[in-house]
Amino acid sequence: MIVSRLLAFAATPVLAALLAGASQGGGAVPGAPTAGDPYFPQSGDGGYHVVHYRLNLGYTPASRHLDATAVLTSTATQNLSSFYLDLSGLTVGSVRIDGRAVAFSRSGVKLKVTPAHALRRGRTFSTTITYSGVPADVTDPDGSADGWITQKDGSVFVAGEPQGAMTWFPSNSHPIDKSTYEVEVTVPDGWTAVSNGRLASRRSSNGRTAFDWRETSPMAAYLATAGIGKFQVQSYRTASGLPVYNAVDPAEAKAAAPVLAQLPAVIAWESKIFGRYPFDAAGAVVEHAHSVGYALETQTRPVYDRAPDIDTLVHETAHQWFGDSVSLNRWKDIWLNEGFATYAEWLWDAHHGGPSTAKRFATDYALPAGNDLWSFPAGDPGDGAHIFGTPPYERGAMVLEKLRERVGDQAFFAILRSWAGEHRYGHGDTAQFIALSEKISGKKLDSLFATWLYGKGKPATP
């Protein structure tokens with residue numbers, strides 16, 4: 001188990017209040033059943049931090065049945081009498097803490113665990129959950145499928161943003177809690193299982209093959225994946241020595257090949273702009289799953305529902321810096337992920353014969369006031385149904401173009417590199433980004449962000 005790169009847990013306001021109560025009273029209290037995010041009030045849990053997940057999954061595509069064991073190494077952030085995990089569907093067989101069977105109960109998507117004795121603040125403990133069943137995706141507020149998505153042939157597309165992690169493993173499912181991972185998936189011979197990080201081993205026995213994946217950098221639960229299919233696999237190292245592992249559905253292989261061939265160049269180009277690539281592996285999982293309708297920046301190895309175009313590849317790769325390495329404290333700040341990744345597309349196109357970023361901005365600004373682009377502020381989507389709407393993406397990129405125009409190229413690119421570097425493997429919010437921008441540029445930027453990030457409707461002037 002490798003956890004040396006993991007940052008200290010950053011508590012939400014809900015957790016901070018619980019910590020204060022525990023320290024003052026000295027007694028054990030239940031952990032919070034939520035991370036306190038108003039956009040997804042059922043997601044996440046309080047009172048502990050998961051340092052490391054070890055997932056052992058046995059999957060049979062023909063029956064779509066999953067048999068699994070999850071071992072969570074956690075640290076109590078308060079004196080705990082009980083705590084919660086997020087788990088949707090599936091049947092829990094047993095729960096053990098440090099090898100000892102403990103009581104548990106289910107209510108909706110919450111798995112409540114009650115240890116025999118209180119867990120003292122600061123204690124590291126191991127929770128082992130055995131569970132099984134036929135995983136099913138959940139429907140997000142915007143109507144999209146999220147989590148463990150099974151295809152007709154039994155193959156699996158796993159994309160967990162924002163709440164889908166709970167469809168396939170018990171977790172503290174909010175970006176505020178980041179952990180390292182071991183994911184071992186056993187499937188029938190002829191099938192391939194792909195997850196995050198590096199492939200540590202591949203073992204075959206009795207007609208089944210186990211793929212053991214390790215992600216040693218902190219990762220939010222929604223960025224974990226376990227794609228299962230009859231993939232064409234390509235494994236190599238870039239000129240800089242970075243290992244790349246691509247798994248592609250044969251139906252998408254021809255269309256995907258020329259784009260995936262550009263991945264090393266995209267990583268090298270983005271590294272020059274944003275700072276060194278934050279992880280020790282890269283790659284892609286390309287599914288033949290057009291009905292899913294989106295790609296996701298799963299850490300080190302984005303998943304695509306079809307062969308990506310170059311802009312999509314650039315976008316999901318940029319997320320490795322913005323969204324994966326630097327994560328959100330709350331979903332309201334989603335523009336820090338999507339606006340930055342969209343602006344990376346603008347930059348790539350501008351450097352490869354396309355329109356300048358100023359031209360892209362002008363094209364967007366020309367859209368009428370009734371266009372979806374102006375339907376709500378990029379920095380305040382309002383609820384979980386709107387976090388993947390147009391404003392956090394396109395208007396988020398416009399915010400960055402206005403910032404670049406205001407502070408100049410030297411300060412602007414220094415801001416991007418500093419943001420990615422200072423918050424590497426941790427978290428950041430909009431207030432911190434604005435403060436950093438003002439510090440580096442030496443300019444007051446309140447009016448810019450008030451208009452372009454938080455202003456309602458189309459600004460009067462570009």
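Asp 305 counts as buried in this predicted model, because its relative accessibility is 6% and the cut-off for buried is under 20%.

**Salt bridges**

- The count of salt bridges comes to 14, and one of them joins Arg 198 to Asp 280, with the closest N and O atoms 3.9 Å apart.
- Arg 198 belongs to strand E15 (residues 198–205), while Asp 280 sits in the loop between helix H3 (263–274) and strand E20 (282–286), so this pair ties together parts that are 82 residues apart in sequence.
- Another salt bridge is formed by Lys 402 and Glu 405, whose closest N and O atoms are 3.1 Å apart, and both residues lie in helix H7 (residues 390–407), where they are 3 residues, or about one turn of the helix, from each other.
- An α-helix has 3.6 residues a turn, so residues three or four places apart point the same way.
- Lys 402 counts as buried at 10% relative accessibility, whereas Glu 405 counts as exposed at 55%.
- Asp 45, Asp 86 and Lys 110 are linked to one another in a network of salt bridges.

**The largest nonpolar core**

- The largest nonpolar core holds 130 residues, and among these Trp 168, Phe 169, Phe 433 and Phe 449 touch the most other members.
- Helix H5 supplies the largest share of this core, with 9 residues.
- Leaving out residues up to four places away in sequence, Phe 433 touches Trp 335, Leu 336, Phe 340, Leu 400, Leu 403, Ile 415, Trp 419 and Phe 449.

**Helix H9**

- Helix H9 runs through residues 430–441, and its 12 residues reach 16 Å from the first C-alpha to the last, which is close to the 16 Å expected at 1.5 Å a residue.
- Phe 433 is one of the buried residues of H9, and the others are Thr 430, Ile 434, Leu 436, Ser 437, Glu 438 and Ser 441.
- These buried residues pack against H5, H7, helix H8 (409–422) and helix H10 (446–452).
- At the N-terminal end, H9 is capped by Asp 429, which has a side-chain oxygen 3.3 Å from the backbone nitrogen of Ala 431.
- After H9 comes Gly 442, which has a positive phi near 70°.

- Ala 344 is found in helix H5 (residues 335–351) and counts as buried at 1% relative accessibility.
- Apart from neighbours within four places in sequence, Ala 344 is in contact with Trp 269, Glu 270, Phe 274, Val 314 and Ala 318.
- Between Ala 344 and Arg 202 there are 142 residues of separation in sequence and 35 Å in space, taken from C-alpha to C-alpha.
- Ser 195, in the loop between strand E14 (192–194) and E15, is buried as well, with a relative accessible area of 1%.
- The side chains of Ser 195 and Asn 196 are joined by a polar contact of 3.3 Å, and, not counting residues up to four places away in sequence, Ser 195 touches Val 183, Trp 213, Thr 225 and Arg 301.

Technical notes:
Residues are numbered from 1 along each chain as its sequence is written. This is a predicted model: local features need pLDDT of at least 70, side-chain atom pairs count only at pLDDT 80 or more; totals for chains, interfaces and linings use all residues. Side-chain values use heavy atoms; hydrogens and water are left out. Helices (H or I, at least four residues) and strands (E, at least two) are DSSP runs, numbered from the N terminus. Buried means under 20% relative accessible area, exposed over 50%, partly exposed in between (1.4 Å probe, protein chains only). Contact means heavy atoms within 4.5 Å. A salt bridge is a side-chain nitrogen of Lys or Arg within 4 Å of a carboxyl oxygen of Asp or Glu. A nonpolar core is a set of buried Ala, Val, Leu, Ile, Met, Phe, Trp, Tyr and Cys residues joined through side-chain atoms within 4.5 Å. A polar contact is a pair of N or O atoms within 3.5 Å; within protein, one must be able to donate a hydrogen and the other to accept it, and residues adjacent in sequence count only if both atoms are side-chain atoms. The expected span of a helix is 1.5 Å times one less than its number of residues.
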